[in-house]
Amino acid sequence: MSPKKNNADKMVPSEDGMVDMSDREQQIYEGGIQKFNRLGWKRLTIVLIVEAVALGTLSIPATFAKLGMVAGVICCVGIGLIAVYTSYIIGQVKVKFPHISDYPEAGRQMFGRWGYEILYVMLALELLLSAGSHCLTGTIAFANITESNICSVIFGVVSAIILLIFAIPPSFSEMAILGYIDFVSIIIAVGITIIGTGVQASDSTGLAAVDWSAWPKEGLTFSEAFIALSNIIFAYSFALCQFSFMDEMHTPTDFPKSVWALGLAEIFIYTITGALVYAFVGQDVQSPALLSAGHLLSRVAFGIALPVIFISGSINTVVLGRLIHGRIFKSSNIRFVNTKMGWVTWLALIVVLTILEFVVAEVIPFFDDLLSIISSLFVSGFTFYFPAIMWFMFIREGSYFEKKNLLLTVINSIIFAIGLIVLVAGTYASIVDIIKSYDNGTVGGVFSCKST
């Protein structure tokens, strides 16, 4: 922009160096900086919970039914600890390079301009698909709660509108306020599901007669096993937004408190939910898990889970919106969304993104496979192989084979390999299962009034 020249002009930093700003522009700039610099470690924990503890929880019990109790518990705990470690690496990188405002900027730091562009597209698609999966879950929830014959596309439209409303606040510190409602919502909904399925098992055949197994289900195929594993990986996908969230922290060095608080909470919630619901329901457990609570209780659970479905979904829209809006207006005060033009452009952008999310929900109408696609194509990188690369490039000091680096060299090499295996094998398994679902006629057509 062209600054007004007067005696009150001040010099402020920009990407192109120091620029002049009038008093009015200076106020907008300082207000914007203050608006996006209010996140402490407690609120960071909450927004990470909002982004992470949602659909993952609802998919875990069905993965236990495929993998068995032993492998299910091992995978929940093991992948959770890996996610905590890679998230810690991301936090270290952000502290070491404060200018990294999001994952694509980390890509630029690693690989230059092409790294930025590739990670930008990957993150945008991941956030779009994740928000679309929340729109799909909202459609399933409304169909289950109302038990009406209304076309499911209508429920999809309603879900998209609610996602849009919750995505209006552009600041993560503002989203954190909704996060408290979000967290209570999922805890109560999961609690109802656990209690309901436990009571049902006791009243019907008795807990001893439930057909759960410590080992993988008989006849488990490669694609089924990997989709189950991918759904657990999706549940621990909080690392992809961590750069964006930490960019609003007033004390970024406090990040380990948030990472450990979230990681341990997730491991506990996922493991307990998966193990107990599977033990109470057995091989017939459904996905999302709330469908397994019985006729009445599943409707109640879905009603209570509506906040987590839409608040957690909307934060993906906010992150994606901030990514695009910040890039378009990177050299303008419009990026702060504290002026009329800032709000007009922000609202227009999230409307467009919400429409795209609705399209995703209608074009990919299968819950488990959609989560698996997201995990395989994108979370495999953001949670596994990219953080491993960052350790080798930015965190490691000295030779790989020095005593202080040897163990971490092995660990990060294994994590890098896991990420590549999930990328290739998970994508293959998802495609195979989607083709099988269409061949068997178990999913409806695109934009059809299908039964959800």
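This is a predicted model: local features need pLDDT of at least 70, side-chain atom pairs count only at pLDDT 80 or more; totals for chains, interfaces and linings use all residues.
The expected span of a helix is taken here as 1.5 Å times one less than its number of residues, and helices themselves are DSSP runs of H or I with at least four residues, strands being runs of E with at least two, numbered from the N terminus.

Residues are numbered from 1 along each chain as its sequence is written, and side-chain values use heavy atoms, with hydrogens and water left out.

Overall, the chain has 15 helices and two strands, and of its 452 residues 57% count as buried, where buried means under 20% relative accessible area, exposed over 50%, and partly exposed in between, with a 1.4 Å probe and protein chains only.

Why do I describe α9 as largely enclosed by the rest of the structure? Because 11 of its 14 residues are buried, among them F226, I227, I232 and I233.

Let me turn to the aromatic side chains, where rings of Phe, Tyr and Trp (its six-membered ring) pair if their centres lie within 6.5 Å, with planes under 30 degrees apart counted as stacked, over 60 as edge-to-face and the rest as tilted. The structure holds 18 such aromatic pairs. One of them, F222 with Y428, is tilted, at 6.3 Å centre to centre and 50 degrees between the planes, and it links distant parts of the chain, since F222 is in helix α9 and Y428 in helix α15, 206 residues apart. F222 counts as partly exposed at 46% relative accessibility, whereas Y428, at 52%, counts as exposed. Elsewhere, ring pairs link Y103, F243, F382, Y385, F386 and F416 into a cluster.

Staying with α15, which covers residues 403-440, we find T409 there, and at 11% relative accessibility T409 counts as buried. A polar atom of the T409 side chain lies 3.0 Å from the backbone oxygen of Y400, and, leaving aside residues up to four places away in sequence, T409 touches W391, F392 and Y400, a contact being heavy atoms within 4.5 Å.

Finally, a backbone detail: E147, in the loop between α6 (113-146) and α7 (152-166), has a phi near 50 degrees, a positive value in a residue other than glycine, and E147 is partly exposed, with a relative accessible area of 41%.

Notes:
A polar contact is a pair of N or O atoms within 3.5 Å; within protein, one must be able to donate a hydrogen and the other to accept it, and residues adjacent in sequence count only if both atoms are side-chain atoms.
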